[in-house]
Amino acid sequence: MKTLQQQLGNYGLYHRSKRNVLTHFFGIPLIVFAVICLLARIHIPIGAFALNGAQIAVFASVVYYLMLSVSLGLIMAVLLVLLSIVAAPIAQLTFSHWLLISVGIFVLGWLLQFIGHYYEGKKPAFVDDIVGLVIGPLFVLVELLFMLGFYKTLEHEVTEIAGPPKP
């Protein structure tokens with residue numbers, strides 16, 4: 001398994017333009033939220049309990065993030081749980097409203113992503129490495145934390161791999 005630095009550095013190779021990163025600050029959370037909304041409608045009985053698809057996806061994602069970094073994994077856990085709580089009422093809507101809202105948010109998120117990659121002049125990272133779909137949300141969190149002055153060592157390590165940001 002690649003290290004946190006390798007994953008973020010590899011993802012960063014596709015995200016050096018500040019305009020691209022900015023579109024990702026909005027696009028990726030919208031996509032993640034839409035996926036959680038879609039998966040929250042799927043119920044899976046497990047004994048006396050029932051889990052929904054979003055709970056399973058969030059759990060699996062958080063386990064992966066925790067394997068990369070305990071502190072970042074915990075932050076991602078909080079954020080993903082909050083998104084799941086906000087998504088729950090959407091999953092309870094009528095089928096057509098749930099689907100329209102979820103797919104609409106999903107499409108808007110991807111539209112922002114592709115606009116950003118137009119500015120970047122590069123294809124999305126997941127085209128070359130499907131893990132990029134899971135690293136994207138973590139990358140957005142880390143970029144925000146870098147902007148706030150946190151994780152300076154990690155920022156330096158990622159920049160060593162990906163290169164400096166471009167205007």
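In this predicted model, the buried residues of helix H7 are covered by elements that include helix H1 (4-12), helix H4 (70-91) and helix H6 (132-147). Helix H7 itself spans residues 152-162, and its buried residues are Leu154, Val158 and Ala162. These three cover an arc of only 60° around the axis, so they lie on the same side of H7. The other side of H7 carries the exposed residues Lys152, Thr153, His156 and Glu160.

| Helix pair | Packing angle | Axis separation |
|---|---|---|
| H2 (residues 18-39) and H5 (residues 95-120) | about 155° | 8 Å |
| H4 and H6 | about 110° | 11 Å |

How are H4 and H6, two of the helices that cover the buried residues of H7, oriented to each other? At about 110°, their angle falls in the range of 65 to 115 degrees that counts as roughly perpendicular, and H4 and H6 are therefore roughly perpendicular to each other. On the H4 side, the contact is made by Leu72, Ile75, Met76 and Leu79. H6 contributes Pro137, Leu138, Leu141, Val142 and Leu145. By class, the contact of H4 with H6 has nine nonpolar residues, with no polar and no charged ones.

The pair H2 and H5 has another geometry. With an angle of about 155°, and since angles over 145 degrees count as roughly antiparallel, H2 and H5 are roughly antiparallel to each other. The crossing of H2 and H5 is left-handed. By class, the contact of H2 with H5 has 18 nonpolar, nine polar and two charged residues. The contact of H4 with H6, in turn, has no polar and no charged residues.

To return to H7, Leu154, Val158 and Ala162 are its buried residues, and H4 and H6 are among the helices that cover them.

Definitions and conventions. Residues are numbered from 1 along each chain as its sequence is written. This is a predicted model: local features need pLDDT of at least 70, side-chain atom pairs count only at pLDDT 80 or more; totals for chains, interfaces and linings use all residues. Side-chain values use heavy atoms; hydrogens and water are left out. Buried means under 20% relative accessible area, exposed over 50%, partly exposed in between (1.4 Å probe, protein chains only). Helices (H or I, at least four residues) and strands (E, at least two) are DSSP runs, numbered from the N terminus. The arc is that of the directions from the helix axis to the C-beta atoms. Contact means heavy atoms within 4.5 Å. Axes are lines fitted to C-alpha atoms, for helices over the stretch in contact, and angles run from 0 to 180 degrees between N-to-C directions. Angles under 35 degrees count as roughly parallel, over 145 as roughly antiparallel, 65 to 115 as roughly perpendicular and the rest as oblique. A crossing is left-handed if the near helix is turned anticlockwise from the far one by less than a right angle, and right-handed if clockwise. Ala, Val, Leu, Ile, Met, Phe, Trp, Tyr, Cys and Pro count as nonpolar, Asp, Glu, Lys and Arg as charged, and the others, Gly among them, as polar.
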